[in-house]
Amino acid sequence: MDRSEILNLMNTVMTKRGRPTLTDEAQGTREAGFRSLDFSETALRIETRIGRELSFDAASMRRIETVRDVLDFFEDATRAA
Amino acid sequence: MHTTNQSIIVSGGSRGLGLHLTERLLEAGNKVATFARSHTEAMDRLAGTYGDAFYFTPLDAVDAPGVAAFVAEVADRFGAVDSVVNNAAIGQDQLLMHTDLDTLRGIVDVNVIGPTLLTRAAIKHMILQGGGNICNISSICGSRGYAGLSIYAGSKGYLDAMMRALAREVGEAGIFVNSVAPGFFESEMSSVLLPEQLNTIKRRTPSGSLSNDENIFKVVDLVISGTTNMQGQVVFVDGGITT
């Protein structure tokens, strides 16, 4: 999936939570209010979109600090076989 | 009744406690889906009475793709998956040293892997829809020692432990995860006990009686109602035997 699609799904979750949408990739996820559960919900929405499950450990989620990290993470995860 | 107009999955609803829970939840105006390895006449009866509000399919609880497909089918038919009652289980009446490996694996498969797969599939729908309820039918054996029930007890302790961790994982998403832990109750599982064993249990129970399916239903009904703010708890329905 490309970054814009992933960002759209992230913002779907943010909108659902009543939070401002994400526009700055450099922004910290904590500062942006993008929480771990939002990450999980984004992952589920991506799974639905691509038709397969994503599997990753909690440690890799803990290394994520910025919106860019999230986009990189899902870009890699959806590229992998 | 506390739970109504919900879409509910009850595992192992073809007989015993699962059948009672399924029937009572249907009576209360819920849509109920259930699965079990084998079909029973009761499934035809419920389909005839409740039509599209009831869905049964034969399914092995450890068939991961089958369980995921079942949950997706329920979400599609009923429009949501509001609650899951992890009821399906098999009992044990053997000392561990005399339990063969097939029996051991069978109990772990049905009592541990099965509810984990169902819960995993259901919470994915619940997170996307914005909430739900998971209720594990656990047992007092999960927190008290009873000879002859080691693997069964371990499986029920697992359910309680998983429930607490999961409550932390998904509570923020509006998903409430709890266990209802019956004591010995009048069931096919307790039918293996001798009359004198049942009398001893009753004598040691402060209420003086075993719980029955309806007692357990009343608590499950409350737990999955979404009205209690109860999260990560084990509710004992045992007449006070564990107090």
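This report describes a sheet, a helix and a chain contact in a predicted model.

## Basis

Residues are numbered from 1 along each chain as its sequence is written, and chains are lettered from A in the order in which they are written. Because the model is predicted, local features need pLDDT of at least 70 and side-chain atom pairs count only at pLDDT 80 or more, while totals for chains, interfaces and linings use all residues.

## The sheet of chain B

Strand S1 (residues 7–11) and strand S2 (residues 31–36) of chain B pair in the parallel sense over five bridges, and B:Ser11 has B:Phe35 in S2(B) as its bridge partner.

## Helix H7 of chain B

Helix H7 (residues 213–223) of chain B, a DSSP run of H or I of at least four residues, has as its buried residues B:Ile216, B:Phe217, B:Val220 and B:Val223 (buried: 20 or more other C-beta atoms, placed from the backbone, within 10 Å of the residue's own). These residues lie on the same side of H7(B), because they cover an arc of only 125° around the axis, taken from the directions from the helix axis to the C-beta atoms.

The buried residues of H7(B) pack against helix H1 (16–27), strand S4 (83–86), strand S5 (132–137), strand S6 (175–182) and strand S7 (234–237) of chain B.

## Contact between the chains

Four residues of chain A are in contact with five residues of chain B, contact being C-beta atoms, placed from the backbone, within 7 Å.

Notes:
Buried ≥ 20, exposed ≤ 12 C-beta atoms within 10 Å, placed from the backbone. Helix = DSSP H or I, 4+ residues; strand = E, 2+ residues; numbered from the N terminus. Contact = placed C-beta atoms within 7 Å. Pairing = 2+ DSSP bridges.
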